[in-house]
Amino acid sequence: MLMTKERRSAIRSLRGWAISVLQEAGAVRECETHGWMQDRADPHARERAFDIARQDPPDGLSVAAGIAEIEDVLASIGDTCPECPPDC
């Protein structure tokens with residue numbers, strides 16, 4: 001049986017590509033209410049994201065640039081939504 005690799009849809013920015021990879025790996029999720037990205041703090045999911053970046057870097061950029069952008073995105077988001085009330 002012939003297996004084909006499904007290609008990701010076109011991404012307009014490097015940051016968008018990184019967020020897409022992180023979501024695909026399960027390393028981040030979107031707040032259902034407000035849409036903010038939230039870090040799931042799952043080390044295995046993060047490693048999956050880095051593996052995806054190594055195997056399929058963004059078109060025209062190096063693997064190092066893709067990994068650096070994933071690291072930048074992870075550093076820029078928190079694990080809670082800034083608009084959701086804190087749990088008491």
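At what angle do the axes of helix α1 (residues 14-25) and helix α3 (residues 63-76) cross? Before the answer, two notes on what is on screen.

This is a predicted model, in which local features need pLDDT of at least 70, side-chain atom pairs count only at pLDDT 80 or more, and totals for chains, interfaces and linings use all residues. Residues are numbered from 1 along each chain as its sequence is written, and side-chain values use heavy atoms, with hydrogens and water left out.

**Whole chain**

Show the protein as a cartoon. There are 3 helices and 2 strands, in the order α-β-β-α-α from the N terminus. Helices (H or I, at least four residues) and strands (E, at least two) are DSSP runs, numbered from the N terminus. Of the 88 residues, 32% are buried. Buried means under 20% relative accessible area, exposed over 50%, and partly exposed in between (1.4 Å probe, protein chains only).

The accessible surface is about 6200 Å², and carbon and sulfur atoms hold 51% of that. Such areas come from the Shrake-Rupley method with a 1.4 Å probe; for residues, only the protein chains shown count as cover.

**Stop 1: α1 and α3**

Select residues 14-25 and 63-76. The two axes come within 9 Å and cross at roughly 75°. That makes α1 roughly perpendicular to α3, a term for angles of 65 to 115 degrees. Axes are lines fitted to C-alpha atoms, for helices over the stretch in contact, and angles run from 0 to 180 degrees between N-to-C directions.

Show the side chains next. On the α1 side, the residues that meet α3 are Leu14, Arg15, Trp17, Ala18, Ile19, Val21 and Leu22. Their partners in α3 are Ala65, Gly66, Glu69, Ile70, Val73, Leu74 and Ser76. Contact means heavy atoms within 4.5 Å. The residues of this contact divide into 10 nonpolar, 2 polar and 2 charged. Here Ala, Val, Leu, Ile, Met, Phe, Trp, Tyr, Cys and Pro count as nonpolar, Asp, Glu, Lys and Arg as charged, and the others, Gly among them, as polar.

**Stop 2: strand β2**

Select Gln38, which lies in strand β2 (residues 37-39). Gln38 is buried, at 9% relative accessibility. Leaving out residues up to four places away in sequence, Gln38 touches Ala27, Val28, Arg29, Glu30, Cys31, Ile77, Gly78, Asp79, Thr80 and Cys81.

**Stop 3**

Move on to Ala41, in the loop between β2 and α2 (43-55). Ala41 is exposed, at 55% relative accessibility. Ala41 has a positive phi of about 55° although it is not a glycine. Most residues other than glycine have a negative phi.

**Stop 4: salt bridges**

How many salt bridges does the structure hold? There are 4. A salt bridge is a side-chain nitrogen of Lys or Arg within 4 Å of a carboxyl oxygen of Asp or Glu.

- Select Asp39 and Arg46: their closest N and O atoms are 2.3 Å apart. Asp39 is buried at 8%, while Arg46 is partly exposed at 29%.
- Select Arg40 and Asp42: their salt bridge is 3.9 Å, N to O. Arg40 is partly exposed at 39%, and Asp42 is buried at 19%.
- Select Arg54 and Glu47: the closest N and O atoms are 3.4 Å apart. Arg54 is partly exposed at 41%, as is Glu47 at 38%.

Glu47, Asp51 and Arg54 are linked in a network of salt bridges.

Technical notes:
Angles under 35 degrees count as roughly parallel, over 145 as roughly antiparallel, 65 to 115 as roughly perpendicular and the rest as oblique.
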